[in-house]
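I opened my notebook to record what I looked up. Each entry takes one topic.

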Amino acid sequence: MNAYMKEAYVKRELDREHTGLQERLKQVNGAKNKLANQMDNLSVSDKHYDKKYEDMQVRLDKLYDEIEEIETLIEEVETRLYNIRQEK
């Protein structure tokens with residue numbers, strides 16, 4: 001495989017990875033927003049309110065961690081794509 005073909009292949013793979021990460025980020029953000037909405041609508045009169053709220057908060061924190069991880073991966077892919085474009 002010559003250098004041009006290898007570069008094109010790597011770029012295609014990075015583009016595919018970037019698209020997948022963007023979709024994953026969209027899904028996780030949707031889950032985060034839905035969970036935040038559920039937390040807002042949790043009835044204070046529910047006898048298990050505190051435990052439910054705490055469980056939801058733990059899940060929300062994990063979603064924020066996942067979002068941060070995905071955003072970091074997206075930045076890494078974008079940097080690699082930028083570097084490939086600069087080498088031309």
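**Ground rules.** I took helices as DSSP runs of H or I with at least four residues, and strands as runs of E with at least two, numbered from the N terminus. The model is predicted, so I noted its limits: local features need pLDDT of at least 70, side-chain atom pairs count only at pLDDT 80 or more, and totals for chains, interfaces and linings use all residues. Residues are numbered from 1 along each chain as its sequence is written, and side-chain values use heavy atoms, with hydrogens and water left out.

**Entry on Ile 70.** I found Ile 70 in helix α2, which covers residues 49-87. Is Ile 70 buried or exposed? Ile 70 counts as buried because its relative accessibility is 0%. Here buried means under 20% relative accessible area, exposed means over 50%, and partly exposed lies in between, with a 1.4 Å probe and protein chains only. Next I looked up contacts, meaning heavy atoms within 4.5 Å. Ile 70 is in contact with Leu 21, Arg 24, Leu 25 and Val 28, leaving aside neighbours within four places in sequence. I also checked a distance. From C-alpha to C-alpha, Ile 70 and Leu 42 are 29 Å apart in space, and they are 28 residues apart in sequence.

**Entry on His 18.** His 18 is in helix α1, residues 3-40. His 18 counts as buried because its relative accessibility is 17%. Not counting residues up to four places away in sequence, His 18 touches Ile 74, Val 77 and Glu 78.

**Entry on salt bridges.** I used this rule: a side-chain nitrogen of Lys or Arg lies within 4 Å of a carboxyl oxygen of Asp or Glu. How many salt bridges does a search of the whole structure find? It finds six.

I looked at Lys 11 and Asp 15. Their side chains meet in a salt bridge, 2.9 Å from N to O. The two are about one helical turn apart, because they sit four residues apart in helix α1. Lys 11 counts as partly exposed at 26% relative accessibility. Asp 15, at 27%, also counts as partly exposed.

Then I turned to Arg 24 and Glu 69. They form a salt bridge, with the closest N and O atoms 3.9 Å apart. Arg 24 lies in helix α1 and Glu 69 in helix α2, so this pair ties together parts that are 45 residues apart in sequence. Arg 24 is partly exposed, with a relative accessible area of 31%. Glu 69 is partly exposed too, at 45%.

I also noted Lys 52 and Asp 46. Their side chains meet in a salt bridge at 2.6 Å, N to O. Lys 52 is partly exposed, with a relative accessible area of 35%. Asp 46 counts as partly exposed at 22%. I then followed shared partners: salt bridges join Arg 24, Glu 66 and Glu 69 into one network.

**Entry on Lys 32.** I found Lys 32 in helix α1. For charges, Lys and Arg count as positive and Asp and Glu as negative, while His and the chain ends are not counted. Which side chain of opposite charge is nearest to Lys 32? That is Glu 71, 8.4 Å away. Lys 32 is buried yet has no salt bridge. Lys 32 touches Leu 60, Leu 63, Tyr 64 and Ile 67, not counting residues up to four places away in sequence.
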